[in-house]
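Me: I'd like to learn how to read a model like this one, feature by feature. Could you walk me through it?

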Amino acid sequence: MEAFEYFKDLAIIIISAKLMGLVAKKLKAPQVVGQIIAGLLIGPSLLNWVGQSDFISIMAEIGVVLLMFSAGLETNLKELVKTGPVALTIACAGVIVPLIMGWALYGCFFGFAPFGSDEFFRGVFIGTIMTATSVSITVQTLRELGHLKGKVGTIIVSSAIIDDVLGIILLTFVIGFKSTDAKPLDVVIKTALFIVFSFIVGFGVYLLFKLLDRHSFHHRRIPIFGLALCFFMAYVAEKFFGIADITGAYVAGIILCNLRDAEYIAGKMDISSYMLFGPVFFASIGLKTNFDGFTVQLLWFSLAFAFVAMAAKVIGCGLMAKAWKFSTKDSLKCGVGMMTRGEVALIVAQKGLAVGMVETKYFTSVILLIMLSSIISPILLKILYKNEDKPDNASPGGGHTDLDETEEIYADE
């Protein structure tokens, strides 16, 4: 294929992703859903205007790395420390319960396989997809209701931040255990070594960036060096520690998240994601989705997957909140607030596809989950908050939080 042919593909992807994203926004759905549907429409399954290629795959990989770097940059470590064990335990419950229920769901539909087999890990990975939480819709709903700064709103935001961190760690372990020549101890050791490496290198890099930030505040060289750090950490994670590149990118973002210029760096990264790499990544998911293996059984599985994934967050997070002596109503708010899914679930599914842990047909289940949770969660929150006094409309803790700019990256339009 000639190089200039790729320009045609990029033009089609960008235009179709943009138009379908706007349609999704008009329908009150996340724009990423529209971009995925755009990829499905122009891909081999339907119109066949754009085919899969190594070039598109590489562009999509850069897109997901940039998304995770931005997620790390927008992490508010001070908020995590402030909420302490309450948010941590709620986040842990919000990971463990969906993981177990997802594995059990897969076993009920396709059979329970012995430990260590490919089918066992496929079931575990289905549960891993369910652990992801993206509460951008929740944050926007709480802001409109005037309860974002309330006790429950603060806990939801902080738990979601921790949930993302735990989800990436879990993804790292699951992919590591799936490797045919990997041993559990090796995976643990490599992960621990990467954490040590990140602390040592991260501390030194943070000091350098802090010095640079002091002398060149809001200068374009800072996001340029930050982008270089992102790619370096992504490379090191995959090459030397056998850890997913998105983990390295996420860690790079966390290293820089306390800089004065963290928001400035994130803004510059969003330009690249907004214009090119983000649409290509989300559209590429649609391009890879096919219905060749789609059956009635898979349809029922997709519906059950969406229901179980939402229920698991309500059960896990809600019960843990209840254990911290929250009222039943506030416990339900925590569970419902953690119920929505977004690009993190897609990123996890994409990595599973790359290593052969899931098939493309399961993307249908993930897309259905994102759409349903984005619709149902705001409705339930409005019901739960009905007739309650509004504590404040300000952002919790003041300043920039990782969820102030939602995973619906393009919502500013």
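Reply: Here is a short tour, from the overall fold down to single contacts. This is a predicted model, so to speak of ground rules: local features need pLDDT of at least 70, side-chain atom pairs count only at pLDDT 80 or more, and totals for chains, interfaces and linings use all residues. Residues are numbered from 1 along each chain as its sequence is written, and side-chain values use heavy atoms, with hydrogens and water left out.

Me: What does the secondary structure of the protein chain come to?

Reply: Helices (H or I, at least four residues) and strands (E, at least two) are DSSP runs, numbered from the N terminus. Here the protein chain has 15 helices and zero strands.

Me: How much of the chain is buried?

Reply: Buried means under 20% relative accessible area, exposed means over 50%, and partly exposed is in between, with a 1.4 Å probe and protein chains only. Of the 413 residues in the protein chain, 56% are buried. As for the surface, the protein chain exposes about 17,900 Å² (Shrake-Rupley method, 1.4 Å probe; for residues, only the protein chains shown count as cover). Carbon and sulfur atoms supply 69% of that area.

Me: What share of the contacts comes from residues 24 or more positions apart?

Reply: A contact means heavy atoms within 4.5 Å. Among contacts with a separation of 6 or more in the protein chain, residues 24 or more positions apart account for 82%.

Me: How many salt bridges does a search of the whole structure find?

Reply: The test is a side-chain nitrogen of Lys or Arg within 4 Å of a carboxyl oxygen of Asp or Glu. The search finds eight. One of them joins Glu61 and Lys351, at 3.3 Å from N to O. That pair links distant parts of the chain: Glu61 sits in helix 3 (residues 54–73) and Lys351 in helix 14 (residues 343–354), 290 residues apart. Glu61 is partly exposed at 25% relative accessible area, whereas Lys351 is buried at 7%.

Me: Where do Arg122 and Glu119 lie?

Reply: Both are in helix 5 (residues 118–131), three residues apart, about one turn of the helix. Arg122 is buried at 12%, and Glu119 is partly exposed at 32%.

Me: Is Asp213 buried or exposed?

Reply: Asp213 is buried, with a relative accessible area of 2%. Its salt-bridge partner is Arg260, with the closest N and O atoms 3.9 Å apart. Arg260 counts as exposed at 53%. Elsewhere, salt bridges that share partners join Glu5, Lys8 and Asp9 into one network.

Me: Which numbers describe a pair of aromatic rings?

Reply: The distance of the centres and the angle of the planes. Rings of Phe, Tyr and Trp (its six-membered ring) pair if their centres lie within 6.5 Å; planes under 30 degrees apart are stacked, over 60 edge-to-face, and the rest tilted. The whole structure has 18 aromatic pairs. Among them, Tyr235 and Phe240 are edge-to-face, 5.9 Å centre to centre with 85° between the planes. Tyr106, Phe109, Phe110, Phe301, Phe305 and Tyr362 form one aromatic cluster.

Me: Which ring does Lys333 lie over?

Reply: A charge sits over a ring if NZ of Lys or CZ of Arg is within 6 Å of the ring centre and within 35 degrees of the ring normal. Lys333 lies over the face of Tyr385, 4.1 Å from the ring centre.
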